[in-house]
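Trainee: Could we go through this structure together? I would like to begin with the strands.

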Amino acid sequence: SSSLGDYINGVLDDLTNFDDLFDQDPELVRVRPWRVGMANAMAWLLPFVFLTVALIVFFVVFSTAMHEDNVPEFVPIMGGFMIFGWVLMLVFPMVAVGVTSALGSLNYTIAGSPDGIRISRGVANKVSETVPPGRIHSVEISQPFLWRMGGWYRVRVNRIDARFSFASDSEQSAAAAMRTTPLPVGNLDDVQRLIALLLPMNVNPQVSHLIAEGLKAGRREGFHGVSNRSFWLHPFEWRRLGYAILPGLVMIRDGRLTRKLVLTPPERIQSVITGDSPIERMLGVAHVQCATIRGPAVSRIPGLAANEATRLFEYLSRFCVDAASRDTSHRWEESRAYMMMNAAQIEVEDAAKQGRAPAPHAVQVLAAQRDWQQRNAAARGGQSPAPRHPNPPQQPPRQQPPHPHQPPQGRAR
């Protein structure tokens, strides 16, 4: 039977009129400028509070000591002016960073297009970039500590067509950082929508549920934790360290102050590495790393028991080779078809929430998807493949996600 992409492309009358999939508003994700400004200003908040409190304490102690020695009264007054000036020096760059980043993210939208994901920003000088299918090799979702108050997240990716540099003072690094950050700030719904476009052939209800769970604190159901002995190397984050292996995705979570969740399709993993440092060897733990193209997302699992790290290394080596042999995400029409299905599902859900009729093309795409699934189910005489869906299910799955091997006995769950 034909593939889903071939079938949908054969059913639809006019695939080039892709913007008709939406109702007068092609964007699926819109970044709020005020949210970007506040998020960037928060990077200065902790240093500002710490230094201000330290200065106030210093001058209070200093003034008290000087008062006992009959120092002129203008000394504490001068100290107060110095504190006020210091506060202004810290507030000004914090406000400047917030305003500049907010202005730079005006009219920031993410949408689907016939050529891939379209990212646009700017008002007077509008810049648009299209990410073709198959260019994304890994996705990192992160949440800095202060962003938890607003429920905000950042999405960064490893792209094969973006040169990533760790040199913070180079213009090339700034340009690469912009190209590898499709979502500077957004809520969880924005993240789920974007993942459905970035990895259209790897998203399903189970993945969406695990994304939400993986960004929470502590050990979570569906993720395999690391050895308790990793506490000595990662005392603050060892409960968050873990991984989940799904048929089309490897998910790794870490971070305590900044929570991170890395999603890597197995067919994009170039090699699997395992090793241990002298300290890890002494504790009986090891790490496993999935190497992809260079970028901000790092797929590394530390703190594994040594025997589990060996088994995981052997399995992932076979798993990635098998996934690469069956990979069809490089097929333009196939990958675009899955992106169209996810975009259509988002449009239908938005229409239901807003009390309007969905766009005709969205209904047509989903109807073609259901028809293909029914035809394949009838041809196989069995079950229809589960529909792909960008949003998490209303109820969490009852069963644990499939896992290739049993965890070591005696390890804390």
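Trainee: In what sense do S2 and strand S3 pair, and over how many bridges?

Mentor: This is a predicted model. In it, S2 and strand S3 (residues 116–121) pair in the antiparallel sense, over five bridges. Within that pairing, Thr 109 stands opposite Ser 120 in S3.

Trainee: And how many bridges join strand S1 and S2?

Mentor: Strand S1 (residues 27–31) and S2 are joined over four bridges, again in the antiparallel sense. Glu 27 has Ala 111 as its bridge partner in S2.

Trainee: Which way do the residues of S2 point?

Mentor: Tyr 108, Ile 110 and Gly 112 point one way, while Thr 109, Ala 111 and Ser 113 point the other way. In a regular strand the side chains alternate between the two faces of the sheet. Six of the six residues of strand S2 (residues 108–113) are buried, so the strand is largely enclosed by the rest of the structure.

Trainee: What does Glu 140 touch?

Mentor: Not counting residues up to four places away in sequence, Glu 140 touches Arg 154, Val 155, Arg 156, Lys 260, Leu 261, Val 262, Pro 296 and Ala 297.

Trainee: Now the core. Which residues touch the most other members of the largest nonpolar core?

Mentor: Met 251 and Leu 263 do, in a core of 43 residues. Helix H6 (residues 188–198) gives the most to this core, with five residues. A second, separate core has 18 residues, among them Ile 245, Ile 301, Leu 304 and Ala 309.

Trainee: What is Met 251 in contact with?

Mentor: Leaving aside neighbours within four places in sequence, the contacts of Met 251 include Val 207, Leu 210, Ile 211, Phe 223, Leu 261 and Leu 263.

Trainee: Next, helix H9. What span does it reach?

Mentor: Helix H9 (residues 306–325) has 20 residues and reaches 29 Å from its first C-alpha to its last, close to the 28 Å expected at 1.5 Å a residue.

Trainee: Which residues of H9 are buried?

Mentor: The buried residues in H9 are Glu 308, Ala 309, Leu 312, Leu 316, Phe 319, Cys 320 and Ala 323. They cover an arc of only 100° around the axis, which puts them on the same side of H9. An α-helix has 3.6 residues a turn, so residues three or four places apart point the same way.

Trainee: What covers that buried side, and what does the face turned away from it carry?

Mentor: The cover of the buried residues includes strand S9 (242–246), strand S10 (249–254) and strand S14 (299–305). The face turned away carries the exposed residues Arg 318, Val 321 and Ser 325.

Trainee: Lastly, how many aromatic pairs does a search of the whole structure find?

Mentor: The search finds four. In one of the pairs, the rings of Trp 34 and Trp 152 have their centres 6.1 Å apart and their planes at 70°, so the pair is edge-to-face. This pair links distant parts of the chain, 118 residues apart: Trp 34 is in helix H2 (residues 33–41) and Trp 152 in the loop between S5 and strand S6 (153–159).

Trainee: Is Trp 152 buried or exposed?

Mentor: Trp 152 counts as buried, at 6% relative accessibility.

Methods: Residues are numbered from 1 along each chain as its sequence is written. This is a predicted model: local features need pLDDT of at least 70, side-chain atom pairs count only at pLDDT 80 or more; totals for chains, interfaces and linings use all residues. Side-chain values use heavy atoms; hydrogens and water are left out. A nonpolar core is a set of buried Ala, Val, Leu, Ile, Met, Phe, Trp, Tyr and Cys residues joined through side-chain atoms within 4.5 Å. Buried means under 20% relative accessible area, exposed over 50%, partly exposed in between (1.4 Å probe, protein chains only). Helices (H or I, at least four residues) and strands (E, at least two) are DSSP runs, numbered from the N terminus. Contact means heavy atoms within 4.5 Å. The expected span of a helix is 1.5 Å times one less than its number of residues. The arc is that of the directions from the helix axis to the C-beta atoms. Two strands pair if DSSP finds at least two bridges between them. Rings of Phe, Tyr and Trp (its six-membered ring) pair if their centres lie within 6.5 Å; planes under 30 degrees apart count as stacked, over 60 as edge-to-face and the rest as tilted.
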